[in-house]
Amino acid sequence: MSNSELLTVEPLDLQFPFELKKQISCSLYLTNKTDNNVAFKVKTTNPKKYCVRPNTGVVLPRSTCEVLVTMQAQKEAPSDMQCKDKFLLQGVIASPGVTAKEVTPEMFSKEAGHLVEETKLRVTYVAPPRPPSPVHEGSEEGSSPRASVSDNGHGSEFSRFSVDRAEPQENTSEARALITKLTEEKQSAIQLNNRLQRELDQLRRESKKSQSGGIPFMYVLLVGLIGLILGYILKRT
């Protein structure tokens, strides 16, 4: 924070979490400590590298204004991660009712006798924030760390989980197929039993008629049963 009389600037160090090929922004907060309008202007030693919005403006009395400084995407990183770029914030008391569009470079001219307050700002590169580390839950008490975390990360753990979950589904499908097969065989057995019963009744009726012709009843019944059994065996094969 600066010790100026017009504007308090925070922070005095513009910290950019440096990443290659990525635009990075940093905010400046300008606080007007006076009861007058204060016009400001932001300058930099490397204007092609940075975009400042707004680079000029007016801070109302006892209020705060945010200035966004954006560093363009960089193709190469400095070897020592040091930055020599600097910013200069200029502030001057403005007339009542002045607007941001009415701020001109002449207002910050010391040669014209204007009292210009200046605050120098540095630029530093910092390491980008790391992504949050995953939290392991459900580890059993007394188990070793190697048992809860695999060498290849979480992929193997999820793979084992998915395989274990798939086995009951396969067993269920096999059980359903077996039940369906048994049900069909049961229906076939019932139909065959009913057919045998009907043919047996028919043989009994025919045997009564054949007794008059001298053919024994048991012989006719035996021949009929043998024929039914042979037909059933041929049907199954």
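## A walk from the sheet to the cysteines

Start by selecting four strands: they form an open sheet in the order β1-β3-β7-β5, with antiparallel pairing. (Strands are DSSP runs of E, at least two residues, numbered from the N terminus; two of them pair if DSSP finds at least two bridges between them.) Colour β1 (7-10) and β5 (50-53) next: these stand at the edges with a single partner strand each, so one side of each has no neighbour in the sheet. Neighbouring strands here are turned by 20 degrees against each other on average, direction ignored (axes are lines fitted to C-alpha atoms, and angles run from 0 to 180 degrees between N-to-C directions).

Before going on, bear in mind that this is a predicted model: local features need pLDDT of at least 70 and side-chain atom pairs pLDDT 80 or more, while totals for chains, interfaces and linings use all residues. Residues are numbered from 1 along each chain as its sequence is written, and side-chain values use heavy atoms, leaving out hydrogens and water.

Now zoom in on β1 and β3 (residues 24-32), which run antiparallel and are joined by four bridges. Click Glu-10, and look across to its bridge partner in β3, Tyr-29.

Next, pick Cys-83, in the loop between β7 (64-71) and β8 (86-93). Is Cys-83 buried or exposed? Buried, with a relative accessible area of 16% (buried means under 20%, exposed over 50%, partly exposed in between, with a 1.4 Å probe and protein chains only). Show what Cys-83 touches: Lys-49, Tyr-50, Val-123 and Tyr-125, not counting residues up to four places away in sequence (contact means heavy atoms within 4.5 Å).
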